[in-house]
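Trainee: I would like to go through the charges and helix faces of this model with you. Can we start once it is on screen?

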Amino acid sequence: MKNIPFCDYKKLYLNHRENYLKIIDEVASNGGFIMQQAKKDFEEELSEFTGCNHAIGVGNCTDGLEIIWQSIGLRPGDEIICSSHTFIATASSIVMAGGVPKPVDIGDDNLICTEAISDAINSRTVGIMPTQLNGRICDMDTIINLANKHKLFVVEDAAQALGARYKGKHAGTFGIAGAISFYPAKVMGCFGDGGALITNNYDIFNRSHQLHDQGRDVNGELKSWGRNSRLDNIQAAILSYQLQKYPAVIQRRREIASYYHKRLSPLNELKLPPPPLENADNFDIFQNYEFMADKRDELKKHLEENGIKTLIQWNGKGIHQWESLGFTVKLPKVEAFFKKCIMIPIWDYLKDEEISYIADKVISFYRK
Ligand SMILES: Cc1ncc(COP(=O)(O)O)c(C=O)c1O
């Protein structure tokens, strides 16, 4: 029997230990810990990679999203439409910036439903915040058209989607700004908390830059109140190293997703994500391999008994299901999704024999 963790955090470091030690040694020996060259270099590399004019390294993606909304400037009562199928950070960034999140249902792709967005728009709506979940981008043509028609801001929660593309355009670059997470479990994860915001809008960049560094401009002059949320230089240097290898990491994840699709698609008991196709509108990075499964809880138990750890995301609830946060709305598709969803391991360092073992064990559950 194998022992396959859902995510082997130690391997993130140990697989490249020598190189990481050199990087940490170099940054620390230079004494450049905060707001120094390594942060600037990484921000430039990230802008180039995503095809965006500006990037700012921040403490984490939640801060990045909140800083974007603060830069835009929300007034009490301003509503932002978001998916309920997302991490609570999407909604909390709106609340902490002074707005009101309005979670809506998902479509057949399990991402935000564009008809539900359209139905939710009212005189208080100021923005739409799609989550590019599991490394797949939403139907951005429709979302941008709706936003233009109703004069709304689009801010992307691209926490899970660095490198994902839709019609050739990168996640985070469709609206006024977007934020990305480098939490260790992300496809590109650092060794602690880390994030970035990206934007093509100079005013948002300028304002966000001040907000992430105590309200100071580049000359140290205080322009407003602000906070301390700066990506530190050691994390930035680690991320620069990872960005060089990132296309190969995505490629491996896509290979594993193709393999899972080939093996598991004959099972009628599962609803799988679309496989990675060349020349499709969506280029997915497979942050997660998540699907809906009949008898989900028994499948989870069966995999666990065979040494395979799986994950049911976010305690098995959409954000609107957290009554403690004051939500009262019912969203049937999200609720149905969370009764059946499960994630199996898809890390790039998984060996071929491990992914074939995982597929075998899913199949053996349904074809005893
Ligand atoms: C969809 C989504 N949004 C936001 C976040 C928040 O990212 P961070 O932990 O970097 O603040 C995450 C991280 O898990 C996420 O998955």
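Mentor: This is a predicted model, so local features need pLDDT of at least 70, side-chain atom pairs count only at pLDDT 80 or more, and totals for chains, interfaces and linings use all residues. Residues are numbered from 1 along each chain as its sequence is written, and side-chain values use heavy atoms, with hydrogens and water left out.

Trainee: Which residues form a negative surface patch?

Mentor: Patch members have over 30% relative accessible area and no salt bridge, and like charges are joined within 9 Å. Asp and Glu count as negative, each placed at CG of Asp or CD of Glu. The patch is formed by Asp-41, Glu-44, Glu-45 and Glu-48.

Trainee: Is Glu-45 buried, partly exposed or exposed?

Mentor: Buried means under 20% relative accessible area, exposed over 50%, partly exposed in between (1.4 Å probe, protein chains only). Glu-45 sits in helix 3 (residues 37-50); helices are DSSP runs of H or I, at least four residues, and strands are runs of E, at least two. Its relative accessibility is 33%, so Glu-45 counts as partly exposed.

Trainee: Why are the buried residues of helix 7 on the same side?

Mentor: In helix 7 (residues 140-150), the buried residues are Met-140, Ile-143, Ile-144, Leu-146 and Ala-147. The arc is taken from the directions from the helix axis to the C-beta atoms. These residues share a side of helix 7 because they cover an arc of only 160°.

Trainee: Which residues are exposed on the other side of helix 7?

Mentor: An α-helix has 3.6 residues a turn, so residues three or four places apart point the same way. On the other side of helix 7, the exposed residues are Asn-145, Asn-148 and Lys-149.

Trainee: How many residues apart are Glu-66 and Arg-227, which meet in a salt bridge?

Mentor: A salt bridge needs a side-chain nitrogen of Lys or Arg within 4 Å of a carboxyl oxygen of Asp or Glu. Here the N to O distance is 2.8 Å. Glu-66 is in helix 4 (residues 61-72) and Arg-227 in the loop between helix 8 (202-211) and helix 9 (233-264), 161 residues apart.

Trainee: What is the relative accessibility of Asp-108?

Mentor: Asp-108 forms a salt bridge with Lys-333, with the closest N and O atoms 3.5 Å apart. Lys-333 is partly exposed at 42%. Asp-108 counts as exposed, at 64%.

Methods: Patches are made of residues with over 30% relative accessible area and no salt bridge: like charges are joined within 9 Å, nonpolar side chains (Val, Leu, Ile, Met, Phe, Trp, Tyr) within 5 Å. Accessible areas come from the Shrake-Rupley method with a 1.4 Å probe; for residues, only the protein chains shown count as cover.
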